[in-house]
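Trainee: I have a structure open and would like to learn how to read it. Could we go through it together, one question at a time?

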Number of protein chains: 2
Amino acid sequence: MAINYKARIYVTLRPSVLDPAGVAVKSGLEQLGYTTVEQVRIGKYIEVSLSAENEVSAKDQLEQMCDQVLANPVIENFCFELDEVGNPAKV
Amino acid sequence: MAINYKARIYVTLRPSVLDPAGVAVKSGLEQLGYTTVEQVRIGKYIEVSLSAENEVSAKDQLEQMCDQVLANPVIENFCFELDEVGNPAKV
């Protein structure tokens, strides 16, 4: 029996890595009059629905997915939150 | 005296909008053996540091920024979390 999970994954650039897109957005905001903005950093927000035997297995899978595919560990950090959803699905 | 805030903004595609990038990532994950993944949706995660008189004013500004620049309200939803950071800055 597998349980359905929903993961919310946040991928952000490491603090030491320049974020030209963020700088461009900040400058755009300033030109529109939002002069109180000090910094903008842009990352990715990924929602993944998956099924797994239990929470530990789901977390293991997600950790691997993030490390291999969803984030570039050289320049990015990631973290995720995991929630069980709905009724357990029969397999 | 202005207070420094840090906002974490989440921009997601509305549920009715197709997400081809998410479909491509899901297919990539499947090819790598992650066959338990049911859906992937990709959004944006934006960190904005700004200063404002108070929390209400910061929230108002953020709401406007998201609506005008950071999200496309026709196809995207947004939400944000706001935290006060560090010591108040003197203006």
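Mentor: Happy to! Keep in mind that this is a predicted model. Let's begin with a pair of side chains: A:K6 and A:E47 meet in a salt bridge, N to O.

Trainee: What is the N to O distance between A:K6 and A:E47?

Mentor: Side chains of opposite charge can pair when their charged atoms come close. The cut-off used here for a salt bridge is 4 Å. The pair A:K6 and A:E47 meets it, with an N to O distance of 3.8 Å.

Trainee: How many bridges join β1(A) to β2(A)?

Mentor: These two strands run antiparallel. One place to look is A:Y10, which stands opposite A:Y45 in β2(A). The number of bridges joining β1(A) to β2(A) is nine.

Trainee: Which residue in β3(A) stands opposite A:Y5?

Mentor: Strand β1(A) is also joined to strand β3 of chain A, residues 76–84, by nine bridges, and these two run antiparallel. Within β3(A), the residue opposite A:Y5 is A:E84.

Trainee: Now for the two chains. Which residue in β2(B) is the bridge partner of A:S49?

Mentor: Strand β2 of chain A, residues 37–52, pairs with β2(B) in the antiparallel sense, over 13 bridges. Find A:S49 and look across to β2(B): its bridge partner there is B:Q39.

Trainee: How much area do chain B and chain A bury between them?

Mentor: The size of an interface is often given as the accessible area lost when the parts come together. In this model, 29 residues of chain B are in contact with 29 residues of chain A. Of the area buried between chain B and chain A, 59% is on carbon and sulfur atoms, and the total is about 2,600 Å².

Trainee: Which three residues supply more of the area that chain B buries against chain A than any other three?

Mentor: Together this trio supplies 22% of the area that chain B buries against chain A. The three residues are B:Y34, B:T36 and B:Y45.

Trainee: How many salt bridges does the rule find across the interface of chain B and chain A?

Mentor: Over all chains, a search of the whole structure finds 12 salt bridges. Between chain B and chain A there are 17 residue pairs in polar contact. For salt bridges across that interface, however, the count is zero.

Trainee: Which element gives the most to the side of chain B that touches chain A?

Mentor: β1, α1, β2 and α2 of chain B each supply at least two residues of that side. By class, the side of chain B that touches chain A has 15 nonpolar, 10 polar and four charged residues. The element that gives the most, with 15 residues, is β2(B).

Trainee: What kind of axis relates the two copies?

Mentor: Chain B superposes on chain A by a rotation of 180°, with 0.0 Å of shift along the axis and an RMSD of 0.0 Å. The same surface serves both copies, since 100% of the contact residues of chain B recur in chain A. The two copies are thus related as by a two-fold rotation axis.

Terms used. Residues numbered from 1 in each chain as written. Chains lettered and ligands numbered in written order. Predicted model: local features only at pLDDT ≥ 70, side-chain atom pairs only at ≥ 80, totals over all residues. Heavy atoms only, no water. Contact = heavy atoms within 4.5 Å. Buried area = accessible area lost by both parts, 1.4 Å probe. Polar contact = N/O pair within 3.5 Å; in protein donor to acceptor, adjacent residues only side chain to side chain. Helix = DSSP H or I, 4+ residues; strand = E, 2+ residues; numbered from the N terminus. Nonpolar A, V, L, I, M, F, W, Y, C, P; charged D, E, K, R; others polar. Pairing = 2+ DSSP bridges. Least-squares fit on C-alpha atoms with pLDDT ≥ 70 in both.
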